[in-house]
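The sequence and the model are shown first, and the description follows.

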Amino acid sequence: MILDISFIGILIGSIMASSVPLILAASGELITERSGVLNLGVEGMMIIGAISGFALMVITDNLFIAIVGSMLSGVIISLIFGFLTQSLLTNHVATGLALTIFGIGLSAMLGKSFVGIPGKEFPILFSSLKESIPFFGPILFGHSIVLYFAFALPFLTNYFLKKTKLGLVVRAVGDSPVSASNQGINVILVRYCCILYGGAMCGLAGAYLSLIYTPQWIENMTAGRGWIALALVVFATWSPIKVLIGALIFGGITILQLHMQAIGFRIPVQFLSALPYLMTIIVLVVISRDSRKIKLNTPTSLGRIFYKEK
Amino acid sequence: MYKNFFKYLISAIFLLGFSVNSNADFKVGFVYVGPTGDHGWTFQHHEGRNAVEAAGIKTTFVESVPEGADAERVIRQLAQSGHDLIFTTSFGYMDPTNKVAKDFPNVKFEHATGYKREHSNVSTYSARFYEGRTLLGHIAGKMTKTNTIGYIASFPIPEVIRGINAMTLAAQKVNPNIKTKIVWVFTWYDPGKEAEAAQALIDQGADIIMQHTDSTAPVQTAEKAGVWSFGQASDMQRFAPKSILTSIIDDWAPYYVERAIAARDGTWKQQDTWHGLKEGMVAMGPYNSAMGADLVKEVEQLQKDLASGKVHSFTGPIYDQKGNILVAEGKVADDGMLAGMSVYVKGVEGDIPK
């Protein structure tokens, strides 16, 4: 059954669907980190996005508003982080951790009255093509619009960082805020924008879970995906394309190991459960061996507080 | 001066009167392992608390208390702040509960799913969920077309293994060709992963999805894929109206009300409770009409027989995977064996993770 070609197509399709929240959150965090800001609040921003999206869907019955609202809620909560770290110069790590704890608590409180409400079917695109083309159908078609966006995002991010002037500004701010500032770049403003953008993507990642992947609201439903996204950014050595590869490997092995269990492979289950983490790290370490490239991509001033001398 | 003396005396009498009449400030505390909004395990305990409150008894609760050192602090805090009865609703609270109970002999403690009652003020209680699993197995055996039942399991503890075995035995009885495929997810609660596990089982040919995890994601996945499923811990029907055949519901409310009233009235005694369908601690959700009237009738009869004790979920002969006899013909498994169950019965595929 596993060797059936059309079945493999379905499998790849579901692997893609499962890696979407990781790609979105990690791509957003990547921009934030490239500007020199370490925001450990990914999990908190995701869960806020999840509840905001779901609540708006229930209240307005409009999925577009729900999706946009979830991104806005990510922006708002990351604004708190931005204000604390950029304007009040608090420690990035401590503030980010606080943001996660705050987000989980706040979402639980906001979500009290939304528990137990069934979600709504999210429209999928090209559903007829999915069925009619074997193998490629389930891979390329029949997904939500958010999935297509997520898969385009790493390439857009790569282009943005490497080919655009704004991307260069972000990298300059992340590598040497002092030099950037001397060049007349408003470091704080750039960092604010990157933090808010990261918040929007994390919010969208959360909404993907509560509106599309498992359409419902339950407390703590992100279940640690924010932390995996954070780890992905580091192991992918701040390269957007490697983030995509890492997310696909993680999602892929998670799903493959479930299939292996269902088929009845005689491999210890604990080993299978640890496999996604192991394989993702191994593959990313192997493909990012080039120390010159790592140096090029690593934001040198990551997590350091920037004071503008007056 | 005498005037003041009388004033004090009268107040003292009043105060004494109030403290003797302890009914007025009798308080019950609850400690939960998860959030009250998990829509599963903790949600049902919280429903029980609501019933106690509705019976006119004051309650407080603390949610999302991690098992371990934190739990002891929370339980101690509740005992110190004048709670007379404290329910600790997770297995991992076993040692902290007993430790605090030692220091507060006048406070009563009720610990869920544990077995340690080191002090006379500690009771334990649990539910025979496996009786519900027997009913699910019977339904699954009759409803499956692919003869493959997909089972999403959390952690390899006796509670979970007992459920798998009870379900498989009942399914085999009505359908000897049945196969149980198990996927261990090593979490009680991760909607995304539970959904993926359900999808993997469906892709591998299961047309019945059963779960021993807490979120509603598996039943929703089943609904989308057009296969059958069963709700876990609470009635999940509204999440998958077409797919859900029935739900196993944990109903702690009657027990909580009974024990709270007993403690208030001074009739509370230490005990070990393991209630099932008979007492209503395990209840079944509505049966899906897609089962057909005959099967519903059959299952309702089986439910009655399990409740009355005429049928037992673990009636011999029962063999383990290697064919060794576990329960002899004509015998039923005793509670000790059930409580410590750690092997699969014949017909379950795969190994138990160690």
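Two strands are taken to pair if DSSP finds at least two bridges between them. With that in mind, in this predicted model the residue B:Val28 has B:Thr59 of β2(B) as its bridge partner. Strand β1 (residues 27-31) of chain B and β2(B) pair in the parallel sense over five bridges.

These strands belong to an open sheet of six strands in chain B, with the order β2-β1-β3-β4-β5-β11 and parallel pairing. At the edges stand β2 (58-62) and β11 (272-275) of chain B; each has a single partner strand, so one side of each is left without a neighbour in the sheet. On average, neighbouring strands of this sheet are turned by 20° against each other, direction ignored.

| Helix | Strands crossed | Angle |

How is chain B divided into domains? The domain assignment gives domain 1 (21-127 + 252-275) and domain 2 (129-249 + 314-339). The C-alpha centres of domain 1 and domain 2 of chain B lie 30 Å apart. Where the two meet, nine residues of domain 1 of chain B are in contact with nine residues of domain 2 of chain B. Helix α2 (residues 41-54) of chain B gives the most to the side of domain 1 that touches domain 2, with three residues. Sorted by class, that side of domain 1 of chain B has four nonpolar, four polar and one charged residues.

The contact between the chains remains to be described. Chain A brings 31 residues to this contact, and chain B brings 29 residues. On the side of chain A that touches chain B, at least two residues each are supplied by α1 (5-34), α4 (92-111), α10 (187-213), α12 (240-263) and α13 (269-287) of chain A. Which helix gives the most to that side of chain A? The helix is α12(A), with seven residues. By class, the side of chain A that touches chain B consists of 16 nonpolar, 13 polar and two charged residues.

Definitions and conventions. Residues are numbered from 1 along each chain as its sequence is written. Chains are lettered from A and ligands numbered from 1 in the order in which they are written. This is a predicted model: local features need pLDDT of at least 70, side-chain atom pairs count only at pLDDT 80 or more; totals for chains, interfaces and linings use all residues. Domain bounds come from an automatic or database domain assignment. Two residues are in contact if their C-beta atoms, placed from the backbone, lie within 7 Å. Helices (H or I, at least four residues) and strands (E, at least two) are DSSP runs, numbered from the N terminus. Ala, Val, Leu, Ile, Met, Phe, Trp, Tyr, Cys and Pro count as nonpolar, Asp, Glu, Lys and Arg as charged, and the others, Gly among them, as polar. Axes are lines fitted to C-alpha atoms, for helices over the stretch in contact, and angles run from 0 to 180 degrees between N-to-C directions.
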